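Hi,

Here is the structure I promised to pass on.

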Amino acid sequence: MTVSAPRVAIVGTGVIGAMTAWQLATRGADVLAFDAYGRGHDRGASAGESRIFRTVYKEGVSYVPLLRRSHRLWRALEADCGRSLLRLCGGLTIGAPDEPDVSAVRRCAEEAGLPHEVLDAAAAAERYPQHRLDPGEIAVRDPDAGVLRPEPSVQGALDAAERHGARVLSYHRVEECAETAAGWRITAEGQTHEVDHLVLTPGPWSPHLAPTSGIPVRARLITACWFAARDVPAHQPDRLPIAIRRHPDAGFSCFPVLDGVAVKIVPHHLGWPELEDPAALPRSAAPDLARAASAAVRRLLPGLAPDPVRISTYAEGFTPDEHPVVGPLPGAANATVATGFSGHGFKLAPVFGQIAADLALNGGTEHDITPLDPRRFAPAAARR
Ligand SMILES: Cc1cc2nc3c(=O)[nH]c(=O)nc-3n(C[C@H](O)[C@H](O)[C@H](O)COP(=O)(O)OP(=O)(O)OC[C@H]3O[C@@H](n4cnc5c(N)ncnc54)[C@H](O)[C@@H]3O)c2cc1C
């Protein structure tokens with residue numbers, strides 16, 4: 001008797017859907033992956049030259065096992081797709097010792113017994129003169145942090161998935177997902193496809209896709225700004241780690257030069273405005289944001305020319321508690337959802353792809369995903 005492979009559809013091939021496709025295809029599933037745009041496009045959450053990988057996690061010690069697994073899976077994907085995706089150049093969290101993110105990284109490192117180093121302002125200034133610290137500030141160094149390349153990661157995962165037999169349908173917007181007696185019927189580009197299981201990874205488009213519209217994910221606009229380095233070698237990854245900077249005047253993530261010209265910063269301190277529809281993503285920054293980013297650079301990154309040479313905008317899906325939603329889709333059979341990565345999902349994408357594949361093929365996973373359960377946002381009565 002021949003047993004046919006389970007047919008699994010994935011809606012959305014940003015980094016989470018791409019990793020799910022890779023994981024499912026390597027396990028022999030019959031994968032059909034849809035995206036409204038092309039592979040590695042820049043309209044959603046998974047583009048923009050660089051992403052931070054961190055192991056000492058301010059978001060909570062419960063992520064540490066997922067980060068460790070993710071690290072191994074990044075290396076496995078590099079081997080499978082033949083591209084270099086993650087460079088461990090170390091990472092800094094800089095600010096006052098009692099600043100919430102600075103104390104959270106120290107707490108995480110201590111609770112999980114992770115290697116880290118605490119530098120006072122003088123030691124940090126000597127080792128990392130690219131950053132200006134105020135007296136009394138500290139830098140917490142995570143040696144197992146680094147920089148990921150988003151576009152090659154998405155493309156590499158999809159290419160590897162295809163080599164393992166997946167079908168990737170770019171420029172196929174899914175119009176309808178209808179539950180049937182045996183699984184799901186997907187309609188895209190006027191064609192229907194019957195599958196056994198559905199994985200929903202629509203990122204910031206979650207409110208616009210019927211099966212995920214009940215999950216409280218909102219799209220937000222995140223802007224990245226690039227500033228030319230005066231001394232390029234001093235700002236490359238062998239000398240400049242990734243950094244999260246917290247300061248009363250500004251807050252940003254900071255990425256070393258990867259294009260031979262400029263350091264990227266993503267300002268945090270002005271908040272990330274809600275976007276009604278990611279399809280209407282504004283392609284340039286509000287002047288206030290550009291001015292604030294310039295002021296932050298002038299004050300805290302003395303080796304950069306303080307006028308941005310490039311600005312790009314992206315959409316990301318946020319949940320109310322800023323932790324992702326990963327689990328079986330409430331109220332449906334044979335469907336898994338992984339969305340709402342709230343500005344920190346890229347580094348974890350391989351393990352979330354593995355978890356989505358576990359749920360699709362086995363109905364469960366060895367990883368503890370209780371805190372990410374989609375039902376945590378439902379009224380108490382509906383959860384019982
Ligand atoms: C500027 C920025 C900086 C960030 N920095 C970091 C960082 O340093 N480190 C980190 O770990 N994380 C970071 N993040 C977060 C991380 O990048 C995201 O959490 C992650 O990329 C989310 O991926 P996704 O697949 O959920 O969403 P997306 O990449 O947006 O993918 C969703 C996909 O679904 C498709 N889709 C939606 N609806 C349909 C439909 N009906 N039919 C077909 N396709 C559909 C879309 O076209 C899209 O391709 C950052 C995010 C941004 C925006």
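This is a predicted model: local features need pLDDT of at least 70, side-chain atom pairs count only at pLDDT 80 or more; totals for chains, interfaces and linings use all residues.

Residues are numbered from 1 along each chain as its sequence is written, and side-chain values use heavy atoms, with hydrogens and water left out.

Ligand first. There are 34 residues around the ligand, and Asp-35, His-41, Ser-46, Glu-316 and Lys-347 come nearest (a residue is in if one of its heavy atoms lies within 4 Å). That shell divides into 18 nonpolar, 11 polar and 5 charged residues (Ala, Val, Leu, Ile, Met, Phe, Trp, Tyr, Cys and Pro are nonpolar; Asp, Glu, Lys and Arg are charged; the others, Gly among them, are polar). Helix 1 (15–26), strand 3 (51–53) and strand 18 (310–318) each supply at least two of its residues (DSSP runs, helices being H or I with at least four residues and strands E with at least two, numbered from the N terminus). The ligand lies between domain 1 (7–48 + 150–217 + 321–383) and domain 2 (91–143 + 219–317), because both give residues to the shell; the bounds come from an automatic or database domain assignment.

As for polar contacts (N or O pairs within 3.5 Å), a ligand oxygen is 2.6 Å from a side-chain N or O atom of Asp-35. For His-41, the side-chain distance to a ligand oxygen is 2.7 Å. Phe-346 uses a backbone N or O atom instead, 3.0 Å from an oxygen of the ligand. Taken alone the ligand exposes 1000 Å², and the protein buries 96% of that (Shrake-Rupley, 1.4 Å probe).

The whole structure has 1 cavity of 30 Å³ or more (on a 1 Å grid over the protein atoms alone, points where a 1.4 Å probe fits but cannot get out; lining residues have an atom within 4 Å of a point). About 80 Å³ lies in the largest cavity, and strand 5 (91–95) and strand 7 (138–142) are the elements giving two or more residues to its lining. That lining includes Arg-54, His-116 and Asp-142.

Cheers

Note on methods. On a 1 Å grid over the protein atoms alone, a cavity is a set of points where a 1.4 Å probe fits but cannot get out, and a pocket is an open set with protein on both sides within 12 Å along at least five of seven lines; lining residues have an atom within 4 Å of a point. Grid points are joined across faces, edges and corners, and a volume is the space filled by probe spheres set on the points. A polar contact is a pair of N or O atoms within 3.5 Å; within protein, one must be able to donate a hydrogen and the other to accept it, and residues adjacent in sequence count only if both atoms are side-chain atoms.
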